[in-house]
Amino acid sequence: MNHLEPASQSRQQQIFTVTRLNSAVRMILEQDLGLVWLTGELSNLAMPSSGHWYFSLKDMSAQVRCAMFKGNNRRVPFRPQDGMQVLVRARVSLYEPRGDYQLIIESMQPAGDGMLALRFEELKRRLGAEGLFDEGRKRPLPREPRAVGLVTSATGAALHDMLTVLERRAPDLPVFIYPTQVQGSAATAQIVSAIMLANHRAEVDVLIVGRGGGSLEDLWCFNEEAVARAIAGSAIPVVSAVGHEVDVTISDFAADLRAPTPSAAAELVAPDRSTRAQRLVHLRQRLTQAMSRHQVAARHGFVLLQKRLDHQDPKRRLEQQSQRLDELDRRLQQHLRDRLHQGERRLAGLAMRLQARSPEKLLAIGKRRHQLAEERLHALIAKRQDLARHRLAMLGARLDGISPLATLGRGYAIVRTPSGEVIRRASQVNAGQTLITTLAEGALRVRVDEVDNR
């Protein structure tokens, strides 16, 4: 009996109420996932009087409910509509009263450059998870390269800038140019081919891959996965020099070293006459990387502190209560509409029943019944008259059959005394007596001459 008690206590500890379970799931979602970027199509957009927005984000095969509270939607610079493609920054959460998984939208912008930024972050995350950007894969640049390769446009300003720097710092250093497009749909394949060609020839010790500045769309070929994998797979160390110092591409993370500009890349690969200058460059790179790591760690710590603060923030509770109020208002309106429809249906039924019992309708039914009864009465009287006539005819025929007149018509006669006594036997008459003989037509007065009693 004693060894069963811990198991029973363990089962009791696992029993959750629905409220506690929903609260725990919400905490897990908000702590583990945090803020995410996603894009989709707006649908079922609702803007109640509370000022909050409720809608769904959907793509070809799925959708998710979203809520954007008025403190955040006031910063949206456009009017959202159903069917609009948007990019949102959201917090994954759970609406506890219903147990519905939802997103709390922090910011919203139309899809476009935002889509490119989303693709950038997704590819960066995925390749980073594969270890493609690990510092352990980075190779040091050669101190005294025998030759330098430039993968860039043959007509761009970046090529001129790099050749100028290389000529100034190391005029005797051989330079091989692998020309390629650095913008447009064909640029990706050409950049990959140029890097593979340089590796195949093995005529340089370091490669500079880059171009001048431009928009995010102009630099997009350096954010393609094929270019990043070609750079990471190169047997020759690669320096990425794309755009200006503020521009960051996937190629920068995949390369062995990132240079802020093409000119700075030329300075990094060209041997300097001064060892001190080389060391300063190396220390600068290490400092930049250390600062970057420190910033990443600081951002991570800030995010953790922000999450802890958000869980204790009364604003979150107020948002949930406000959303709950909107939900109850919607249910109340729906209930009122349902009751109104029920009343309308009941009123229509009563109207139909009242119409069925209308005096005019009842009078018409009575008249019709009277008409049918009258018709039936006349038919019955006619039938009775026909039966009476037929019976009278039969009785007349029978009466005619037993009538004395009918017998007389066949040649018989009735003999009576003048006093009216009917003579049935000859013994009733005496010779010389006067008798009256009634025929079928008329009568005869006769005198008896002789009586025969035989």
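Which residue in S3 is the bridge partner of Trp 53?

A: The model is a predicted one, and in it the bridge partner of Trp 53 in S3 is Met 68. This bridge belongs to the pairing of S2 with strand S3 (residues 63-68), which is antiparallel and runs over six bridges. Four residues lie between S2 and S3, and the two strands form a hairpin.

Strand S2 (residues 53-58) also pairs with another strand. Strand S1 (residues 35-46) joins S2 in the antiparallel sense over four bridges. Here Glu 41 has Lys 58 in S2 as its bridge partner. The hairpin of S1 and S2 has six residues between the strands, and within this hairpin Gly 51 adopts a positive phi near 95°.

The largest nonpolar core contains 34 residues, and Ile 191 and Leu 207 have the most contacts inside it. Elements giving two or more residues to this core include helix H4 (113-129), helix H6 (187-201), strand S8 (206-211) and strand S9 (238-242). H6 gives the most, at six residues. Leaving aside residues up to four places away in sequence, Ile 191 touches Val 151, Thr 180, Gln 181, Val 209, Cys 221, Phe 222 and Val 227.

Methods
Residues are numbered from 1 along each chain as its sequence is written. This is a predicted model: local features need pLDDT of at least 70, side-chain atom pairs count only at pLDDT 80 or more; totals for chains, interfaces and linings use all residues. Side-chain values use heavy atoms; hydrogens and water are left out. A nonpolar core is a set of buried Ala, Val, Leu, Ile, Met, Phe, Trp, Tyr and Cys residues joined through side-chain atoms within 4.5 Å. Buried means under 20% relative accessible area, exposed over 50%, partly exposed in between (1.4 Å probe, protein chains only). Contact means heavy atoms within 4.5 Å. Two strands pair if DSSP finds at least two bridges between them.
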